[in-house]
Amino acid sequence: MTSAKQRLVIVEGSALHLGLRIAGALAIIATAFALPYVLEPFRLSQIAGACVYAMAVVGLNLLAGFGGQISLGHAAFFGLGAYTTGVLTTGYGVDPALSFLVGIVVCFAVGVIVAFPALRLRGIYVALVTLAVGLIFPTLVIRFADLTGGSTGLFGVTYQPPDLAYFSGFNGRVYWNYWLAVAGLALACLVVRNLMNGRFGRSVIALRDNETAAVIMGVNRTGTRVVVFGTSASIAGLAGSLFAVSSGLLTPLSFSLLLTLYFLAGMIIGGASSFWGPVLGGFLIYFVPVWSAELSSINGSQNLAGVVFGVIIILITFFLRSGLAGLVRTLLGLVVRVEPRMPVAVPSAARASLSEPRLTERHHLSAPADDRPELDRSGVGSTDAARNH
Amino acid sequence: MSLELQGVSAGYGAGDVLHEISLDVRPGEVVVILGANGAGKTTLMRAVSGVIPRRGRILFEGKDISRTGPEQIVRLGLAQVPQGRGTFVDLTVEENLRTGALSRRDSARVNEDLDRWYTTYPRLAERRRQKAGLLSGGEQQMLAVSRAMMSRPRLLLCDEPSLGLSPRLTQELFASLRSINEEWDMSMLIVEQNAAIALGIATRGYLLEVGTIARAGSADELSDSDAVRAAYLGY
């Protein structure tokens, strides 16, 4: 193991730390702008498809990763958003942007309705409630064939690009769908990030870690769970709406239980309850089948996407509990250490009480400092890293 | 009166665990409830903090809270150190402490209180950015106590705080509880199996046996009583 002295130490909140974060954000934005010029149109639309999947995984991660409640019904929320946009735009001539909003609201509402029975249940039983939703949805789509096109599908869902020079060329529609998907993914990431940073986020994790203790501390269990469920569902719904306008064709089979399992696989592979792991995972569940199809069309073998997923998930479960995000974090940790910024007042006060007998006299629990020798900075750093493995 | 229970019964559906319990805690007192496993100590704590349904009257500073939900009860000024410490293992130490202050809106004073508890327990200050699940048992108990105190309660409930601690850490913990009681004039209701150490800091105590109060008295009276001696003190 590399010792802390050889690692680059960055103080949290310093100019360097801030600069690196801004540079990272700029790199992502620059990549987003460069891709349309670099990639062939069909590759670009694949990226758009991956962004849409990633969005759904980001939404699922809010509920299942941060919230700790497995959902087996997220394909249904994805489908609900897709069909809301599909039916409203093709059947009623509603503006697609407005249909996105309707989809978000509808999915939030359905998410809240599902959340209430799920509130009284734990673990596997929550999964069963959401499983019911996931199984009912395709059946309902077929049942209301007049509206949804039933099992034949709903055709011609599209979102006309705005009248800008950028979108006017031959590939204008590809660009437009690409930017819609990128914006959607960015929005989903920002929403989850803002929710999870701060008071609300702490309540969500506290409920996941120890529900009784959280409630005793004053966490509003019902309110928190309902908001998490609703937001998660509406992010999946917006992803579905974007899926609808970019694919153009909706069939009930596209929103089966299998899709939910793909979303869950993406979340686990990417890294549950991390912020950008699910984005990686979303890209992976989109591109693994694509690559394996391309590979099998070259050498004529079976499409092995399922096997590839199976192997990856088994490997992750055994070796990489925190997913790709955890792997990247560990690797970065070997070369860089972000030092927490200490408040000015606390450490001095803390040290004072360790050295002044007057205080240790009163606060007896500060005394056991001597049963563990005071470690130097580098020592603390390397034990941290070791524990995080 | 800080806390008063009048004929409180509670249980978990299949039948009552507590049968018409009556007890009280006066302002500034440390009251200890002794009892063996299964006597209903934790059920009593849960009934007071509102986690389980209960019958009878529970008065906190004169206000009946027997139909109040747990998150409201915290806001009224009643905090609990739950059994097994209730650490939020995936939150950092500081986030755990901030969860204790969830009911408060005065963020400047919350920060002052954070500093105060970091000063009391420097070990927590050193580890403030670490996941609380990585703390040792003793450190987690300090965290649980200071987390409860972060809500600025006027009554602190402690559910079996010595559980899983070494004798030495138990000593230190109770010394710390005593100093909180003295410095903050904090009323406390402590449920504990370790009778010797709990009676050491208590003003008064109750003996809970199979869901009823078997004995009540001052700490000295209970220490001298043959029943308590035989069953809990072992001499």
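**Entry 1: B:G137**

I looked up which residues B:G137 touches, leaving aside residues up to four places away in sequence, and found B:G164 and B:L165. I count two residues as in contact if their C-beta atoms, placed from the backbone, lie within 7 Å. The model is a predicted one, so I note that local features need pLDDT of at least 70 and side-chain atom pairs count only at pLDDT 80 or more, while totals for chains, interfaces and linings use all residues. Residues are numbered from 1 along each chain as its sequence is written, and chains are lettered from A and ligands numbered from 1 in the order in which they are written.

B:G137 belongs to helix α6 (residues 137–149) of chain B; helices (H or I, at least four residues) and strands (E, at least two) are DSSP runs, numbered from the N terminus.

**Entry 2: B:S22**

I then turned to B:S22, which sits in strand β2 (residues 16–25) of chain B. B:S22 counts as partly exposed because 15 C-beta neighbours fall inside 10 Å. Not counting residues up to four places away in sequence, B:S22 touches B:L5, B:Q6 and B:G7. B:D113 is 91 residues from B:S22 along the chain, and their C-alpha atoms are separated by 34 Å.

**Entry 3: helix α1 and two positive phi values in chain B**

I checked helix α1 (residues 41–49) of chain B and found nine of its nine residues buried, so this helix is largely enclosed by the rest of the structure. Just after α1(B), B:G50 takes a positive phi of about 90 degrees.

Most residues other than glycine have a negative phi. B:E61 is not a glycine, yet its phi is positive, near 50 degrees; I found B:E61 in the loop between β4 (54–60) and β5 (63–64) of chain B. With 16 other C-beta atoms within 10 Å, B:E61 is partly exposed. B:D185 also has a positive phi, about 50 degrees, although it is not a glycine, and B:D185 lies in the loop between α7 (167–184) and β8 (187–192) of chain B. B:D185 counts as exposed, because it has 10 C-beta neighbours inside 10 Å.

**Entry 4: chain A and its core**

I noted 17 helices and two strands in chain A, and 42% of its 389 residues count as buried. The largest nonpolar core holds 174 residues; such a core is a set of buried Ala, Val, Leu, Ile, Met, Phe, Trp, Tyr and Cys residues joined through C-beta atoms within 7 Å. Which members touch the most other members? They are A:C51, A:V52, A:A54, A:M55, A:A56, A:F78 and A:A239. Helix α2 (residues 41–66) of chain A gives the most to this core, with 17 residues.

I followed A:V52, which touches A:A181, A:G184, A:A239, A:L242, A:F243 and A:S246, not counting residues up to four places away in sequence.

**Entry 5: the packing of α2(A)**

The axes of α2(A) and helix α10 (residues 221–247) of chain A come within 7 Å and cross at roughly 165 degrees; axes are lines fitted to C-alpha atoms, for helices over the stretch in contact, and angles run from 0 to 180 degrees between N-to-C directions. That crossing makes α2(A) roughly antiparallel to α10(A). I use these classes: angles under 35 degrees are roughly parallel, over 145 roughly antiparallel, 65 to 115 roughly perpendicular, and the rest oblique.

α2(A) packs against helix α7 (residues 172–196) of chain A at an angle of about 20 degrees, with their axes 8 Å apart. α2(A) and α7(A) are therefore roughly parallel to each other.

**Entry 6: confidence**

Finally I looked up pLDDT, the predictor's confidence in each residue, from 0 to 100. Chain B averages 91, with 99% of the residues scoring at least 70, and chain A has a mean of 83, with 85% of its residues reaching 70 or more. Over residues 344–389 of chain A, pLDDT stays under 50. For the complex, the predictor gives an ipTM of 0.89 and a pTM of 0.84.

Terms used:
Buried ≥ 20, exposed ≤ 12 C-beta atoms within 10 Å, placed from the backbone.
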